[in-house]
Amino acid sequence: MKKTISVILLCITTLSIQAQEETKNYLEKVQTLDSTIETLYAVISGEKGAKRDWELFKFLFKPEAKLIPSGKNKEGAYKTRYMSPDDYVKGSGKWLVENGFFEKEIHREVDIFGNIAQVFSTYESFHSESDTKPFMRGINSIQLLNDGKRWWVINIYWTQETKENAIPENYLPNQ
């Protein structure tokens, strides 16, 4: 019995140390606004079949954060959908791995006031890193909070570019 308890305590201690080290490594990725945005794009991106680090993805978000895609429905009306980070992983995670997906930031506009930031981040999406032409473009409106220790994603609200809704020149890279 004592041996079993010792083994259980050893396992718990080992798992606790591993979790602390993982959190410490994750903290390095959210110390600056730039590193947080770069991690956000990197963590969802990968070749077909490549696993994603969904724990790191969830670590980026403040509890109660939302991911909010918007776009037209079949009737032509603009709609939004509200997801938690868990909902996003459940709804999109498998597709991202099965199809390959890279989202790359091509332009950024940032407004900061005190501890809050609003980032308009223009993106292009590819199925493989070797693709030269994106299959989709759009803008992520990302709201973040710095709590004095790190940056947190509060919300990501986005829409895709369409023929009727082209990305304005001021949100594209300078040519």
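1. The model is predicted: local features need pLDDT of at least 70, side-chain atom pairs count only at pLDDT 80 or more, and totals for chains, interfaces and linings use all residues. Residues are numbered from 1 along each chain as its sequence is written, and side-chain values use heavy atoms, with hydrogens and water left out.

2. The second largest pocket has a volume of about 150 Å³. (On a 1 Å grid over the protein atoms alone, a pocket is an open set of points where a 1.4 Å probe fits, with protein on both sides within 12 Å along at least five of seven lines; lining residues have an atom within 4 Å of a point. A volume is the space filled by probe spheres set on the points, which are joined across faces, edges and corners.) Its lining has five nonpolar, five polar and no charged residues; among them are Ser70, Tyr78, Phe120 and Trp158. The elements giving two or more residues to this lining are β5 and β6 (strands are DSSP E runs of at least two residues and helices H or I runs of at least four, numbered from the N terminus).

3. The largest pocket holds about 510 Å³ of space. Of its 26 lining residues, Tyr88, Ser92, Phe101, Glu103 and Trp158 lie nearest the centre. Helix α4 gives the largest share of the lining, five residues. By class, the lining comprises 16 nonpolar, seven polar and three charged residues.

4. Which residues touch the most other members of the largest nonpolar core? They are Phe57, Phe61, Tyr88 and Leu144, in a core of 31 residues (buried Ala, Val, Leu, Ile, Met, Phe, Trp, Tyr and Cys joined through side-chain atoms within 4.5 Å; buried means under 20% relative accessible area, exposed over 50%, partly exposed in between, with a 1.4 Å probe and protein chains only). The largest share of this core, six residues, comes from α2.

5. Leaving aside residues up to four places away in sequence, Tyr88 touches Ile44, Trp54, Phe57, Leu67, Met83, Gly93, Leu96 and Trp158 (contact means heavy atoms within 4.5 Å).

6. Glu64, in strand β1, has a positive phi of about 75° although it is not a glycine. Most residues other than glycine have a negative phi. Glu64 counts as exposed, because its relative accessibility is 71%.

How values were computed. Nonpolar A, V, L, I, M, F, W, Y, C, P; charged D, E, K, R; others polar.
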